[in-house]
Each structure stands twice: as C-alpha cells, then as structure tokens.
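Here is a friendly briefing on one model, written to be read beside the coordinates. Have your viewer ready and follow along topic by topic.

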Amino acid sequence: VHGRGHIARAFIFASALCSILEKHGVFMDRNAVLCGITGHDVGRKAAGEDMWEEESAHATVAFMQKDFGPDTMGEAYEQAVKEAIAAHDGHTLEGALLHAADSLDIGRTKPFDPAFFTFLRGRNGEKPGPEAEAIRRQLAVEADLLQRLTDPYCQTHNIREKLAQLINEERN
C-alpha cells in the first residue's frame with residue numbers, strides 16, 4: 001500500500017536509529033529491527049491506520065523462511081522479528097525503533113509532528129534533553145530531505161499546501 005520507497009526510507013531510518021543507540025552503548029537486536037521494518041507493512045490491506053501488524057509479522061517470517069529455509073532463523077529469532085513488527089507501538093526496544101523509523105517517513109502524507117516522534121523521548125513522556133532534542137530535530141530534517149529526493153509526491157508537497165491555503169483564503 002505504501003510502496004517500496006516507504007520501505008526503503010524506513011529501512012535507512014531504522015539503521016540510522018540503531019547506529020545512534022549503539023554509539024551510546026545501547027544494545028538491541030539490529031537484525032530484528034531491520035527485518036521487521038522491511039516487512040512491517042507487508043500485511044497491509046488499505047491506507048490509513050495500520051491494523052495489520054500481526055498479519056505483517058507472520059507474513060514477514062513466512063517470506064524469510066521461504067527465501068532462506070525453514071530452519072535458518074530459529075524460533076527465538078523468528079519471535080524477535082514478529083515482536084518487533086507486532087510491538088509497533090513500542091512494547092520492546094526493537095518495536096519502538098521500528099515505530100520511530102516508520103514515523104520518520106510520515107512527512108510523505110502529512111506534516112511531521114515531533115510530539116508523536118518517540119525516539120529518545122525518555123520514559124513516561126519525559127522531555128528529551130538538549131542533545132536528544134538536537135538529534136531528533138536533525139533526524140526530522142534529514143528524513144524530510146530524503147523524502148523530497150526520493151518521492152515525487154513530497155517534492156511538491158509544500159507547493160500544494162500553499163495553493164490549498166490560498167484557495168481557502170480566497171473562498172473566505
């Protein structure tokens with residue numbers, strides 16, 4: 001539904017987010033995050049709110065088993081990939097990273113709102129420190145640039161918004 005461009009950008013974002021955390025000594029299952037982000041929308045049936053995480057999780061593991069063999073990953077790893085996708089709301093660190101990477105690509109459909117970007121936010125809505133806030137702001141800028149470079153819709157997004165605003169002003 002979202003297309004390969006979304007998956008490619010989300011994969012890049014997920015890898016960058018993992019690298020940031022690794023640089024700060026935080027351990028996560030990078031492979032589960034990257035496999036998860038690659039298949040996180042494979043079970044989607046429509047645009048809008050994502051309600052198909054379970055289907056996406058099972059389909060991703062099934063595709064991996066088909067491509068790499070049924071015993072390639074092992075049960076524990078298959079479960080880690082499934083949890084990264086199904087915990088899209090952040091019940092695990094891997095799920096939180098997947099959600100953050102997916103969220104960075106939201107600018108292709110609507111304005112990016114940092115209030116909903118949970119990466120480096122802290123626990124229980126804790127306000128990010130200055131370093132975390134700077135990283136988050138830079139990620140948003142780079143995500144916007146990557147979207148504009150790779151998605152024709154995003155290349156004219158601001159122009160369409162300004163035109164819509166002018167039309168609404170003239171009507172009023």
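Helices α2 and α4 cross in a right-handed manner; a crossing counts as right-handed if the near helix is turned clockwise from the far one by less than a right angle, and as left-handed if anticlockwise. This is a predicted model, in which local features need pLDDT of at least 70 and side-chain atom pairs count only at pLDDT 80 or more, while totals for chains, interfaces and linings use all residues. Residues are numbered from 1 along each chain as its sequence is written, and side-chain values use heavy atoms, with hydrogens and water left out.

**The chain as a whole**

- The protein chain has eight helices and zero strands, where helices (H or I, at least four residues) and strands (E, at least two) are DSSP runs numbered from the N terminus.
- Read from the N terminus on, the elements run α-α-α-α-α-α-α-α.
- Of the 172 residues in the protein chain, 37% are buried; buried means under 20% relative accessible area, exposed means over 50%, and partly exposed lies in between, with a 1.4 Å probe and protein chains only.
- Among the contacts (heavy atoms within 4.5 Å) with a separation of 6 or more, 55% are between residues 24 or more positions apart.

**Helix α2 against α4**

- Two packed helices are described by the angle between their axes and the distance between the axes.
- The axes of α2 and α4 come within 8 Å and cross at roughly 55°; axes are lines fitted to C-alpha atoms, for helices over the stretch in contact, and angles run from 0 to 180 degrees between N-to-C directions.
- That angle makes α2 oblique to α4, since angles under 35 degrees count as roughly parallel, over 145 as roughly antiparallel, 65 to 115 as roughly perpendicular and the rest as oblique.
- On the α2 side the contact is made by N31, A32, C35, G36 and G39, and on the α4 side by Y77, A80, V81, A84 and I85.
- By class, the residues of this contact of α2 with α4 are seven nonpolar, three polar and no charged; Ala, Val, Leu, Ile, Met, Phe, Trp, Tyr, Cys and Pro count as nonpolar, Asp, Glu, Lys and Arg as charged, and the others, Gly among them, as polar.

**Helix α2 against α5**

- Helix α2 also packs on α5, with axes that come within 9 Å and cross at roughly 45°.
- The two helices, α2 and α5, are therefore oblique to each other, and α2 passes α5 in a right-handed crossing.
- Here A32, V33, G36 and I37 in α2 meet E94, L97, L98, A101 and D102 in α5.
- The contact of α2 with α5 has six nonpolar, one polar and two charged residues.

**Helix α1 against α6**

- Helix α1 (residues 4-23) packs on helix α6 (residues 130-150) at an angle of about 155°, with the axes 11 Å apart.
- That makes α1 roughly antiparallel to α6.
- The crossing of α1 past α6 is right-handed.
- From α1, the residues R9, I12, F13, L17 and I20 meet I135, L139, A143, L146, Q147 and T150 of α6.
- This contact of α1 with α6 divides into eight nonpolar, two polar and one charged residue.

**The largest nonpolar core**

- In soluble globular proteins, nonpolar side chains tend to be buried together.
- The largest nonpolar core has 30 residues, of which L17, V81, L97, L104, F119 and L139 touch the most other members; such a core is a set of buried Ala, Val, Leu, Ile, Met, Phe, Trp, Tyr and Cys residues joined through side-chain atoms within 4.5 Å.
- Two or more residues of this core come from each of α1, α2 (30-39), α3 (53-68), α4 (75-86), α5 (93-104) and α6.
- Helix α1 gives the largest share of this core, seven residues.

**Single residues worth a click**

- Not counting residues up to four places away in sequence, V81 touches A32, C35, G36, T60, V61 and M64.
- T60 lies in helix α3 and is buried, with a relative accessible area of 5%.
- Leaving aside neighbours within four places in sequence, T60 is in contact with C35, G39, H40, V42, V81 and I85.
- G5 is in helix α1 and is partly exposed, with a relative accessible area of 34%.
- G5 and D105 are 100 residues apart in sequence and 9.7 Å apart in space, C-alpha to C-alpha.
- D113 sits in the loop between α5 and α6 and is partly exposed, with a relative accessible area of 34%.
- From C-alpha to C-alpha, D113 and S103 are 9.3 Å apart in space and ten residues apart in sequence.
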